[in-house]
Amino acid sequence: MSRDFYKFSMFYIRVILSLFIIFCSLTANDTRQNFKFEFSKNGQNIWWLENNNFGVIPNNHLYSHYSLKKNNYDFFVSAYLNDQSNIFHQSFLKYYFKNQSFIKIGKFYRDYSLYLNDQLSSGHMIISHNALPVPKIGFVLKKKKWSLDFTFGMNHGELDKNSFYNKKPFLHEKFFYLDTNTKSGGLLSLGLVHSAIWGGSTAESGNQPSGFNNFLRVFFAEDRKIEDYATYPDTHANALGNHVGIWDLLYQKKMGYKNYKIYYQHFFEDTSGLRFMNEIDGLWGFEISDEIKNFTLLIEYLHTTSQDIDPPYVNESYYNHGTYKKGWSYKGYALGNPFISFGYQNVIPVNVFHIGFSKKFKNDFEFSSKISKVVNFEDQSKYFFGIRKSFEKMTIEINYGSGINNPSAQFKVSRLLK
C-alpha cells in the first residue's frame, strides 16, 4: 500500500507539471504567475524565520508559483529552488463538484480552522505552517440545513522515510464542523479534528499494522487487536497509531470596519483529553482587525502544562509517541505549534504568551512583528520585527529578531520575473 501510494504521488506530481505547461500556453488570461528571486543575507538563526516559515530554511533561492482558477477547479503549484535542493512546495489540484464541496490532491496544509491568521499566530495545534506541506489526497463536503452549515473532510497522506522509519508512515486526517449565525450577527463555530500517524515500518518495531481493516481502527481510534500485542509489545497499549486532535471553537463578529475573533483549540491525544480532563490545554486566541486603518492585532496564550496532571489517566507527552519516535513532525519540523517539542527531545511542557501585529501604510509599505515569551519558567523572549516596501516588480524586506544566542538581522530582495 505504501509503495503504491508513493508511485501514485510521483504520478500526480508529473501530471501537475504537465498541466502546468499546458495551462501556461493555453489559458494565460485566466492565470496568475509569479516568478521571483529571493536573496537573503544572514537571518538564518532568527527563531521566527526558522519556525512557521513553511519548512523552508531562510536562504538564497528562487521561488515561483503558478495558479489557475476556473468555475469548478483551482490549480496551484509552487517551488523553492537553490544550490542545495529543489523543493516542490504547496502544489495541488482542487475540483469543486457541488455546493463548495471539493476533491483535493497534492501537497497542502489544511482545509479547517480557516479563521486562523497563520502569518501572525504562534501556530495551529495540529497543522500549522511550520513544516513542509504533506502529500495528501482527500475531500471536503459542505451542506446547509436549517440555520446550520455542516462541513466534513477527510485526507489520506504519507510522511517521509528517515533513519527512524524504514517505510513511510501514513497520515490520516478528518474533521467535522458546525457553523451558525447568532442573533447578534456573529458567527459561532464548533469543530472536531482528529489526525493520526499509522502504518509504515519503524527501525525499532518493524512493520506496523496496515490495510483497510486497520485503517478502520485508526478512523475510529480503536484499540489494537489483542493478538497484535505479542507482535508489537512496545507500542501504545490503548490505540493503533499516534493520535492527536482538537476541539475547535470560534466566535467571530464584524462591527463596522472592525472584525473580532475569539478562538480556542483544545488539544487532546486520548479520551482523557477528549473529555477535557487535561483542563485548559491548547491554544487560546483573540484577534482584531480594522479594514480602514489596515492593522491586525493578535494575542494568544498556549497552555500545555496539564498534560500529565493525573497519571496514569492523564499522563501524556504531547507530540511524542513510543513507536513513532519522530513524533508529530514531518521532515524535521513539528507539524503543529513550534513551541511544543517532539521526538522525546527534552520534552518540557510550556505556557506561552504571544502577540502578533501587522500594519499596512500608504505607498505599499508594511510593518509586522511577533513577540513570544514562555511564562512558566525562565526563557529567552522570541521576537521578530519586519518592514517591507513593494515596488512595481521588486520587494525589499528588512527583518530583525532573536536568534539562538544573539539577535540577528536579515536583508531580503525579491525580484519579480514576469
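**Rings and charges**

Guide: The charged end of K145 sits over the ring of W146, 5.3 Å from its centre. That label needs NZ of Lys or CZ of Arg within 6 Å of the ring centre and within 35 degrees of the ring normal.

Visitor: And what lies over the face of F391?

Guide: K389, at 5.5 Å from the ring centre. By the way, this is a predicted model: local features need pLDDT of at least 70, side-chain atom pairs count only at pLDDT 80 or more, and totals for chains, interfaces and linings use all residues. Residues are numbered from 1 along each chain as its sequence is written, and side-chain values use heavy atoms, leaving out hydrogens and water.

Visitor: How many aromatic pairs are there?

Guide: The count comes to 26, taking rings of Phe, Tyr and Trp (its six-membered ring) with centres within 6.5 Å; planes under 30 degrees apart are stacked, over 60 edge-to-face, the rest tilted. Y96 and F102 make an edge-to-face pair, 5.6 Å centre to centre with 70° between the planes.

Visitor: Are Y96 and F102 buried or exposed?

Guide: Both Y96 and F102 are buried, meaning under 20% relative accessible area; exposed is over 50%, and partly exposed is in between (1.4 Å probe, protein chains only).

Visitor: How are the rings of F139 and F152 placed?

Guide: Their centres are 6.0 Å apart and the planes at 50°, so that pair is tilted. F139 is partly exposed at 25% relative accessible area, and F152 is partly exposed at 26%.

Visitor: Which residues form one aromatic cluster?

Guide: F170, W198, F212, F215, F219 and F220.
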